[in-house]
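Here are some friendly notes to read with the model open beside you. Take the points one at a time and find each residue as you go.

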Amino acid sequence: MKNGIHPENYRLVVFKDMSNDETFLCKSTADTKDTIEFEGETYPLVKMEISSTSHPFYTGKTKLVDTAGRVDKFMNKYKKFSQ
């Protein structure tokens, strides 16, 4: 590996899958403003919409993931064409 190209600020961070409330701890450089209590310690928190615990490829279940109402926005935008 080349020297000086990798970040130096790795720290323990908790990642939380917001669709099923699964959490896991690993090292990351991700910036975050939130914190969470995990196994008796306080860690920075990164919120995710989907992870391996909720992704259809890993779970074998088909699931519609609608973040921020994208489907509703689309339906409202093109509602006039369906009449």
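1. Which pattern does the protein chain follow, read along the sequence? The pattern is β-β-β-β-α-α, and the secondary structure comes to two helices and four strands. Here helices (H or I, at least four residues) and strands (E, at least two) are DSSP runs, numbered from the N terminus.

2. A word on the ground rules. This is a predicted model, where local features need pLDDT of at least 70 and side-chain atom pairs count only at pLDDT 80 or more, while totals for chains, interfaces and linings use all residues. Residues are numbered from 1 along each chain as its sequence is written, and side-chain values use heavy atoms, with hydrogens and water left out.

3. Next, look at how the strands pair (two strands pair if DSSP finds at least two bridges between them). Strand E1 (11–17) runs parallel to strand E4 (residues 41–48), and four bridges join them. Within this region, Phe15 stands opposite Val46 in E4.

4. On to the hairpin. Strand E3 (residues 34–38) pairs with E4 in the antiparallel sense, over five bridges. Phe38 stands opposite Glu41 in E4. The hairpin of E3 and E4 has two residues between the strands, and Glu39 takes a positive phi near 55° there.

5. How many aromatic pairs does the structure hold? There are two. Rings of Phe, Tyr and Trp (its six-membered ring) pair if their centres lie within 6.5 Å; planes under 30 degrees apart count as stacked, over 60 as edge-to-face and the rest as tilted. Phe15 and Phe24 are stacked, at 5.5 Å centre to centre with 15° between the planes. Phe38 and Tyr43 are edge-to-face, at 6.5 Å centre to centre with 65° between the planes.

6. Phe15 counts as buried because its relative accessibility is 11%, whereas Phe24 is partly exposed because its relative accessible area is 34%. Of the 83 residues of the protein chain, 18% count as buried.

7. Finally, visit Tyr10, in the segment before strand E1. Tyr10 is partly exposed, with a relative accessible area of 49%. Not counting residues up to four places away in sequence, Tyr10 touches Lys27, Ser28 and Thr29, where contact means heavy atoms within 4.5 Å. Tyr10 and Cys26 are 16 residues apart in sequence and 9.7 Å apart in space, C-alpha to C-alpha.

Notes
Buried means under 20% relative accessible area, exposed over 50%, partly exposed in between (1.4 Å probe, protein chains only).
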